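Please look over the structure below together with its sequence.

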Amino acid sequence: MKAMVLNKAKTPLEWTDLPDRQPGAGQIRVKILACGVCRTDLHVLDGELPNPKSPIIPGHEIVGRIDAIGSGVDGLSIGQRVGIPWLGHTCGVCPYCKAHRENLCDAPLFTGYTRDGGFATATIADARFAFPLGETGSDVSLAPLLCAGLIGWRSLVMSGDGKTLGIYGFGAAGHIVAQVAKWQDKKVFAFTRPGDTGTQAFAKSLGAVWAGGSDEAAPEPLDAAIIYATVGALVPLALKAVKKGGRVVCAGIHMSDIPSFPYNILWEERQLLSVANLTRQDGIDFLALVPTIGIVTKTTTYPLQQANQALADLRAGKFDGAAVLLP
Ligand SMILES: [Zn+2]
Ligand SMILES: [Zn+2]
């Protein structure tokens, strides 16, 4: 197999020949057809997340077909199309796993961070954490759903039932969540980098009733806001934008420091919370809805060997939607 490998944080990924791997008990081998690029990959690249596997093959939005099955795997077959998400393994016995909160497992493995991921021609996955994808939808269009879609879905659920929703940071997750929220009859207000009129127009094309810079006030008070951008300074802005009892959900794995803010923007039962990872149930719930909602992802594709370019373009905000690597 071939892979784009991160040998050391803050260095470019290197195109590497690796021996083919065999699935162990409970595992599958997947021939990769497409792998999305996520902002978390930049955090892995930049060494911003603790205790990564090193060297590591990044990538956790994998669409592929099973081409080998280890012992003890039930319900999956050779040739079946599956998606491999960020949550790659959980212990099953810690208090969080037992309480159906496996997203907070005490001993998890994460695809493309603490176990090898999808910037490669093949990967080995824990079979229990692979989602059957069926045959509807192209490999490229499905790839961003495996993290941006799933984390987006979890954060949308956590934002509550309010009808007015602010989305701060309109990238891969934002553009999927806007479509789901519209389907739920919510009014979406999109906040982008100040002056980014291209992304604001993109947000409106997906049904946002308003789009503007994150430095602008929302035109009406919001029931909830979800922050996908990695900018801590957005937290007090979002708290100011939500009404009494409103929620602000921080959906990123990493964020710059949050500046201090006056208590009165949190008071009146506003809630500030974060979303971490996903559960398999999130994936089952969300992927079942995808065909009904008719989510269309906007993607820019790159050959796998150009992963460094895709990551650089993501960092620079050069495309709307999501980048997808093709082996
Ligand atoms: Zn991700
Ligand atoms: Zn656990």
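In which loop is Glu269 found? Glu269 is found in the loop between strand E14 (242-250) and strand E15 (271-274), where helices (H or I, at least four residues) and strands (E, at least two) are DSSP runs numbered from the N terminus. This is a predicted model, in which local features need pLDDT of at least 70 and side-chain atom pairs count only at pLDDT 80 or more, while totals for chains, interfaces and linings use all residues. Residues are numbered from 1 along each chain as its sequence is written, chains are lettered from A and ligands numbered from 1 in the order in which they are written, and side-chain values use heavy atoms, with hydrogens and water left out.

- Cys38, in the loop between strand E3 (27-37) and helix H1 (39-45), and His60, in the loop between H1 and strand E4 (62-69), are 22 residues apart and link distant parts of the chain.
- Both Cys38 and His60 are buried, that is, under 20% relative accessible area, with exposed meaning over 50% and partly exposed in between (1.4 Å probe, protein chains only).

**Cavity**

- A search of the whole structure finds one cavity of 30 Å³ or more, a cavity being a set of points on a 1 Å grid over the protein atoms alone where a 1.4 Å probe fits but cannot get out, with lining residues having an atom within 4 Å of a point.
- The largest cavity holds about 40 Å³ of space, a volume being the space filled by probe spheres set on the points, which are joined across faces, edges and corners.
- Strand E8 (residues 122-126) gives the most to the lining of the largest cavity, with four residues, and the lining as a whole includes Ile84, Arg115 and Phe129.

**Backbone details**

- The peptide bond from Ser54 to Pro55 is cis, with omega near -5°, and Pro55 is found in the loop between H1 and E4.
- Glu269 has a positive phi of about 60° although it is not a glycine, and at 67% relative accessibility Glu269 counts as exposed.
- His100, in the loop between helix H2 (95-98) and strand E7 (109-110), likewise has a positive phi of about 60° without being a glycine, and His100 counts as exposed at 73% relative accessibility.

Definitions and conventions
On a 1 Å grid over the protein atoms alone, a cavity is a set of points where a 1.4 Å probe fits but cannot get out, and a pocket is an open set with protein on both sides within 12 Å along at least five of seven lines; lining residues have an atom within 4 Å of a point.
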